[in-house]
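Here is a short briefing to read alongside the model. Please keep the structure open as you go through the points.

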Amino acid sequence: MAAMALSGLSNQTGAAVAALAFPVLGPLGVVAVRQYVAALALFAVVRPRLRAFTWRQWWPVLLLGGVFGTMNLSLYSAVDRIGLGLAVTLEFLGPLAIALAASRRRLDAGCAVLAGAGVVVLMRPRPSADYTGMGLALIAAGCWASYILLNRLVGRRVPGAQGAAAASAVSAVAFLPVGIAVALRHPPTPGALLGAMAAGVLSSAVPYLTDLLTLRHVPPRAFGLFMSVNPVLAAVVGWVILGQGLGGVEWAGIGAVVTANAVSIATTPR
């Protein structure tokens, strides 16, 4: 439980710090730097033996690397458009769907309806609604669901944290041409580069390692339910670091999603 809480807080703080670099690097440039830093940090700590990997180990690692990059890029692009709290709340639909799909209880069906109502509130039509940003957050939701399942599979097939390190390397290699292009068009300032690098450590290296180790001991459903704290953490961190205040209606929508998870957690049989 402590590891999952640390993972969530580190992830949202890293996303907020990354947003500070958007005006210079843009979401694409920040994600590229984040992937490089995460790969370097994980390689330095884990030292994976890539030559010893079999194809049975490589294919989920390659998929996980693709999910890493797509999830980060879609989420950061959404944060740039609709703010950290709302983006992460919509992204959380991914693990929430995994958690509720594994249940056949009527109470969990009610929780799904409550969470859906919260999403409807957040995505309600209004002049300021940015549906492109919301769509990007939903793409990130699908990626997060895939991340949970693939990370557990990689953890079973690859010893230690070698799978996470290898997947980060795959994602970093894919983003290498992107990073070069962004650097040539928009030369990074020291502050923006530092923020993007901090995001790589806080939002990639720390969560990937803690999540990988956690998923060895808890099933995907329990992991997804416990991570319901992320929308609240994101909203609070976005307000403190980025000054992204939310109105009462938005807080009600976030509260509905979080409450649906809390009720399901509290009533889940051992």
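**Salt bridges, a cavity and a surface patch**

Searching the whole structure turns up two salt bridges. Please bear in mind that this is a predicted model.

**Charged pairs**

- Side chains of opposite charge can pair when their charged atoms come close.
- One of the two salt bridges joins Asp130 to Arg81, with 3.0 Å between the closest N and O atoms.
- Since Asp130 sits in the loop between α6 (106-122) and α7 while Arg81 belongs to helix α3, the pair ties together parts that are 49 residues apart in sequence.
- Asp130 counts as buried because its relative accessibility, 19%, is under the 20% cut-off.
- Is Glu250 buried or exposed? With 13% relative accessibility, Glu250 counts as buried, whereas Arg124, at 25%, counts as partly exposed.

**The enclosed space**

- Rolling a probe the size of a water molecule over the atoms shows where empty space is left.
- The count of cavities of 30 Å³ or more comes to one.
- The largest cavity holds about 140 Å³ of space.
- Two or more lining residues come from each of the elements α1 (2-19), α3 (55-82), α7 (131-157) and α9 (190-214).
- Which element gives the most to this lining? That is α9, with four residues.
- In total, 15 residues line the largest cavity, and those nearest its centre are Asn11, Met71, Trp144, Tyr147 and Ser203.
- Sorted by class, the lining has eight nonpolar, four polar and three charged residues.

**The nonpolar surface**

- Leu20, Val236, Trp239, Val240, Ile241 and Trp251 together make a nonpolar surface patch of about 600 Å².
- Helix α11 (residues 229-242) supplies the largest share of this patch, with four residues.
- Val236 is found in helix α11, and its relative accessible area of 37% makes it partly exposed.

Note on methods. Residues numbered from 1 in each chain as written. Predicted model: local features only at pLDDT ≥ 70, side-chain atom pairs only at ≥ 80, totals over all residues. Heavy atoms only, no water. 1 Å grid on protein atoms, 1.4 Å probe; cavity = no way out; pocket = protein on both sides within 12 Å on 5 of 7 lines; lining within 4 Å. Points joined across faces, edges and corners; volume = space filled by probe spheres on them. Nonpolar A, V, L, I, M, F, W, Y, C, P; charged D, E, K, R; others polar. Patch = residues over 30% accessible without salt bridge, like charges linked within 9 Å, V, L, I, M, F, W, Y side chains within 5 Å. Areas by Shrake-Rupley, 256 points an atom, 1.4 Å probe, with all protein chains shown as cover. Salt bridge = Lys/Arg side-chain N within 4 Å of Asp/Glu carboxyl O. Buried < 20%, exposed > 50% of the residue type's maximum accessible area, 1.4 Å probe, protein only.
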